[in-house]
Amino acid sequence: MKNIVIYGAPAAGKGSICEKLVEKYKYNHISTGNLFRNLDDSTEFNRKIHETIAKGNLVDDETTSKLVQNHLETLDNNPIVLDGFPRNLNQAKILDTFFDNYIVINIEVSEMVALERALGRVTCSKCGKIYNKYSESMKPLKEGICDVCGGDLVGRSDDNEESFKTRYNIYMNNVESLLNYYSEKNLLFIINSDQKSPNEIFEEIEKVIK
Ligand code: ADP
Ligand code: ZN
């Protein structure tokens with residue numbers, strides 16, 4: 001299995017794909033968003049990060065890349081999927097100083113579909129499983145309750161329309177330079193996700209990682 005950098009607009013569905021990679025192929029999932037969200041509120045530094053995320057802005061490149069680098073050092077030999085990093089060209093260049101041997105998968109999605117996915121997204125507060133209120137195939141069996149562990153389902157601080165717009169604009173400002181960088185290196189695979197179920201998307205992913 002190949003190491004993966006998974007890229008795409010906010011709420012494109014990267015997290016759900018990563019869940020499946022972990023379950024089926026034992027990937028090590030590094031999500032910078034999750035790592036940031038899981039920081040406690042004990043220091044001013046961490047509180048600032050939580051504020052930045054809630055507004056939909058990017059955390060600075062140095063903090064983010066250090067976090068990824070430190071995390072990479074703790075992993076076993078299973079393949080890795082990097083989710084949420086890099087998000088701009090500078091981060092991509094930094095990544096190349098400490099991680100190699102990967103492919104990049106770009107999950108394409110239209111802005112409307114991404115917004116709908118963001119506004120419908122809820123996550124289990126106990127086990128982290130992702131659900132979507134507006135999707136037949138991703139709805140929990142019982143509203144507000146995790147199918148797997150019974151935990152409460154909660155929305156994210158940044159999954160409101162205003163933060164989504166900020167995140168989407170940041171994405172639009174960076175997507176071209178980032179994808180050019182990777183296509184010139186011949187590392188880029190593109191998968192469109194608009195009209196597809198999570199399972200159909202995953203089948204396409206499986207074709208490129210083997
Ligand atoms: P999504 O699933 O919508 O793409 P993530 O969970 O990946 O969102 O990220 C949530 C937030 O965490 C981002 O909006 C940003 O504030 C912060 N973050 C995540 N990755 C990075 C990164 N590579 N650089 C800077 N900030 C980041
Ligand atoms: Zn759960």
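**View 1. The zinc ion (ligand 2) sits in a tetrahedral site, its 4 donor atoms making angles of 96 to 117°.** Four donors are called tetrahedral if all angles lie between 85 and 135 degrees. This is a predicted model, in which local features need pLDDT of at least 70 and side-chain atom pairs count only at pLDDT 80 or more. Residues are numbered from 1 along each chain as its sequence is written, and side-chain values use heavy atoms, without hydrogens and water.

**View 2. Cysteine SG atoms hold the donor positions around the zinc ion (ligand 2).** Cys-124, Cys-127, Cys-146 and Cys-149 lie 2.3 to 2.4 Å from the ion. Donors here are N, O and S atoms within 2.8 Å of the metal (3.2 Å for Na, K and Ca). Their spacing in sequence is C-x2-C-x18-C-x2-C. Cys-146 is buried, at 3% relative accessible area. Cys-149 is partly exposed, at 32%. Buried means under 20% relative accessible area, exposed over 50%, and partly exposed in between (1.4 Å probe, protein chains only).

**View 3. Lys-196 and Glu-204 form a salt bridge.** Their closest N and O atoms are 2.9 Å apart. A salt bridge is a side-chain nitrogen of Lys or Arg within 4 Å of a carboxyl oxygen of Asp or Glu. Lys-196 is partly exposed, at 27%.

**View 4. Arg-156 pairs with Asp-158 in a salt bridge.** The closest N and O atoms are 3.0 Å apart. Asp-158 is buried, at 4% relative accessible area.

Methods. Chains lettered and ligands numbered in written order. Tetrahedral: all angles 85-135°; square planar, octahedral: opposite > 155°, others 65-115°.
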